[in-house]
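Open the model in your viewer and keep the selection panel at hand. The stops below go one residue or element at a time.

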Amino acid sequence: QPQLVESGGGLVQPGGSLRLSCADSGDAFRTRSMYWFRQAPGKQREYVAHITSDGRAYLINSIKGRFTISRDNAKATMYLQMNNLQPEDTAIYYCNRDSPIPWGQGTQVTVSS
């Protein structure tokens, strides 16, 4: 059964940076669009960004200019480089495919001074 494993979260101060990874254990990674979502405490999970199979990137307005999404097809891994993190970015970050599979455990990002 294919799995998605998120990693790279942590506790950072406002203005800090983190790089999240999403490793896909299934096949055909290079043919898929891949998505990042996040769920803040007490809120619904929300879409954050996605990257198409040919590398086109789409991000929500609140993270444009701060976050970058990328992928390495040889490693079947997607990344989210997060710079200038703010407290409102605090959430559990999840990834999924364009044809969703069961969610992974996510990775916690906490931005606090």
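Select E46 to begin: its relative accessible area is 34%, so E46 counts as partly exposed (buried means under 20% relative accessible area, exposed over 50%, partly exposed in between, with a 1.4 Å probe and protein chains only). This is a predicted model, in which local features need pLDDT of at least 70 and side-chain atom pairs count only at pLDDT 80 or more, while totals for chains, interfaces and linings use all residues. Residues are numbered from 1 along each chain as its sequence is written, and side-chain values use heavy atoms, with hydrogens and water left out.

**Salt bridges**

Next, select D89 and R66. These two side chains also form a salt bridge, with 2.7 Å from N to O. D89 lies in the loop between β8 (77-82) and β9 (91-97), and R66 in the loop between β6 (57-59) and β7 (67-72), so the pair ties together parts that are 23 residues apart in sequence. Strands here are DSSP runs (E, at least two residues), numbered from the N terminus. Is D89 buried or exposed? D89 is buried, at 1% relative accessibility. R66 is buried as well, with 14%.

Now show R38, E46, R66 and D89 together: a network of salt bridges links them.

For another pair, go to D27 and R32. Their closest N and O atoms are 4.0 Å apart, and the two form a salt bridge. D27 is exposed, with a relative accessible area of 58%, whereas R32 is buried at 15%. How many salt bridges does a search of the whole structure find? The search finds six.

**The sheet**

Switch to a cartoon view. Six strands make up an open sheet of mixed pairing, and their order is β2-β10-β9-β4-β5-β6 (two strands pair if DSSP finds at least two bridges between them). At the edges stand β2 and β6, each with a single partner strand, so one side of each has no neighbour in the sheet. On average, neighbouring strands of this sheet are turned by 25° against each other, direction ignored; the axes used are lines fitted to C-alpha atoms, and angles run from 0 to 180 degrees between N-to-C directions. Strands of a sheet pair through backbone hydrogen bonds, either parallel or antiparallel.

Zoom in on β2 and β10. Strand β10 covers residues 107-111 and is joined to β2 by three bridges, with the two running parallel. Pick G10 and look across to V109 in β10, which stands opposite.

Then select L11, which belongs to strand β2 (residues 10-12). L11 is exposed, because its relative accessible area is 64%. Leaving aside neighbours within four places in sequence, L11 is in contact with T110 and S112 (contact means heavy atoms within 4.5 Å). Draw a distance from L11 to S112: their C-alpha atoms are separated by 7.2 Å, although they are 101 residues apart along the chain.

**Last stop**

Select S7, in strand β1 (residues 4-7). S7 is partly exposed, with a relative accessible area of 35%. Which residues are in contact with S7, leaving aside its neighbours within four places in sequence? They are R19, L20, S21 and T107. Finally, draw a distance from S7 to L85, which is 78 residues apart from S7 along the chain; the C-alpha atoms are separated by 17 Å.

Technical notes: Helix = DSSP H or I, 4+ residues; strand = E, 2+ residues; numbered from the N terminus.
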